[in-house]
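Dear colleague,

Please find the structure below, together with its sequence. My notes on it follow directly after.

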Amino acid sequence: MNAQKLSKRLETVASFVPTGAIVADIGSDHAYLPCYLVHKGIAARAVAGEVVKGPYESAVKQVRTEGLTDKITVRMADGLAAVEEADEITAVTIAGMGGPLIVSILEKHPQALKTVTRLILQPNIHAKAIREWAMANGWAIQDEVILEEDGKIYEVLVLQRGEMKLNEAQTLLGPKLMETKVPVFIEKWSREIANWQRVQQAISEAEKTPENQEKYDQLTHYIKMVQEAIA
């Protein structure tokens with residue numbers, strides 16, 4: 001992977017960035033994504049934010065190598081603290097972290113989202129946390145993609161400002177993903193059901209306690225809900 005050829009995962013993220021956007025890529029690592037977006041004429045300008053010194057230095061070097069120092073600003077900062085008001089950011093990308101961590105980044109510096117109209121988020125796990133945050137904070141899902149790369153399954157969530165109400169199944173599984181039911185979606189949740197059933201088996205062999213019974217019943221509820229959704 002490099003600034004000209006992204007991974008399938010990051011290419012999917014890039015595909016949802018509107019043309020002419022001013023992008024903040026948070027947790028930018030080598031800054032491949034912002035470099036790609038500017039090279040392709042998708043992003044007008046970009047900020048690459050990185051909290052760790054090593055990746056920050058890699059990003060600075062990459063932007064210099066690509067000859068994009070006039071278009072991409074690299075900042076070492078915690079999450080959205082990398083965004084300054086003068087940047088007038090219109091789109092934020094956060095990829096390669098857990099859903100709860102992405103939510104904590106969005107919550108920590110809410111003022112940084114003032115000019116933002118689109119969030120493109122790629123959680124490695126627990127996308128449910130992002131959907132819950134979106135409902136509570138005036139964001140609605142415009143699109144969702146699920147994909148497999150190198151044996152791992154990823155989800156990409158595209159949020160625009162707006163109101164959204166999701167039921168329990170939609171919050172867990174994703175409303176758009178439930179509609180399309182692509183093979184990798186079925187595979188992900190079939191694996192999850194198998195995991196839950198293994199946990200239930202272990203619980204049934206363990207000491208009978210109210211806590212264990214509650215956990216068992218909760219898993220029964222999830223299994224039934226997901227089985228119905230993927231049927």
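Tyr222 is buried, at a relative accessible area of 18%; buried means under 20%, exposed over 50% and partly exposed in between, with a 1.4 Å probe and protein chains only. The model is a predicted one, in which local features need pLDDT of at least 70 and side-chain atom pairs count only at pLDDT 80 or more, while totals for chains, interfaces and linings use all residues. Residues are numbered from 1 along each chain as its sequence is written, and side-chain values use heavy atoms, with hydrogens and water left out.

Aromatic residues

Searching the whole structure gives 3 aromatic pairs. Rings of Phe, Tyr and Trp (its six-membered ring) pair if their centres lie within 6.5 Å; planes under 30 degrees apart are stacked, over 60 edge-to-face, and the rest tilted. Trp189 and Trp196 form a tilted pair, because their ring centres are 6.3 Å apart and their planes stand at 45°. Both Trp189 and Trp196 are buried, the latter with a relative accessible area of 13%. Trp196 also pairs with Tyr222: here the centres are 5.5 Å apart and the planes at 25°, so this pair is stacked. Helices (H or I, at least four residues) and strands (E, at least two) are DSSP runs numbered from the N terminus. Together, Trp189, Trp196 and Tyr222 make up one aromatic cluster.

Two charged residues are placed over rings. Lys188 lies over the face of Trp189, 5.1 Å from the ring centre, and the charged end of Arg9 sits over the ring of Tyr154 at 5.5 Å from its centre. The criterion is that NZ of Lys or CZ of Arg is within 6 Å of the ring centre and within 35 degrees of the ring normal.

Gln200 in helix H8

Helix H8 (residues 183–205) also holds Gln200, which is buried at a relative accessible area of 9%. What lies 3.1 Å from a polar atom of the Gln200 side chain? The backbone oxygen of Tyr216 does. Leaving aside neighbours within four places in sequence, Gln200 is in contact (heavy atoms within 4.5 Å) with Tyr216, Leu219, Thr220 and Ile223.

Nonpolar cores

A nonpolar core is a set of buried Ala, Val, Leu, Ile, Met, Phe, Trp, Tyr and Cys residues joined through side-chain atoms within 4.5 Å. The largest has 33 residues, and those with the most contacts inside it are Leu80, Val92, Ile94, Leu106, Leu119, Trp133 and Leu159. At least two residues of this core come from each of strand E1 (21–26), strand E4 (91–97), helix H4 (99–108), strand E5 (118–123), helix H5 (127–136), E6 and E7. The largest share, 5 residues, is that of H5. Apart from this core lies another, of 31 residues, including Val23, Cys35, Val74 and Ala95. Not counting residues up to four places away in sequence, Leu106 touches Leu80, Ile94, Leu113, Leu119, Leu121 and Trp133.

The buried residues of H5 are Ala127, Ala129, Ile130, Arg131, Trp133 and Ala134. They pack against H4, E5, E6, E7, helix H6 (168–173) and helix H7 (175–180). After H5 comes Gly138, with a positive phi near 75°.

Strand E6 (residues 139–149) and strand E7 (residues 152–161) run antiparallel and are joined by 10 bridges; two strands pair if DSSP finds at least two bridges between them. Trp139 has Arg161 of E7 as its bridge partner. The two strands form a hairpin with 2 residues between them, and Asp150 in the turn has a positive phi of about 50°.

Loop residues

Ala31, in the loop between E1 and H2, is not a glycine, yet its phi is positive, at about 65°. Is Ala31 buried or exposed? Ala31 counts as buried because its relative accessibility is 0%. His126, in the loop between E5 and H5, likewise has a positive phi, near 55°, but His126 counts as exposed, at 52% relative accessibility. Gly41 lies in the loop between helix H2 (32–39) and strand E2 (43–50) and is partly exposed, at 47%. Its C-alpha atom is separated by 9.7 Å from that of Ala21, 20 residues apart along the chain.

With kind regards

Definitions and conventions: A polar contact is a pair of N or O atoms within 3.5 Å; within protein, one must be able to donate a hydrogen and the other to accept it, and residues adjacent in sequence count only if both atoms are side-chain atoms.
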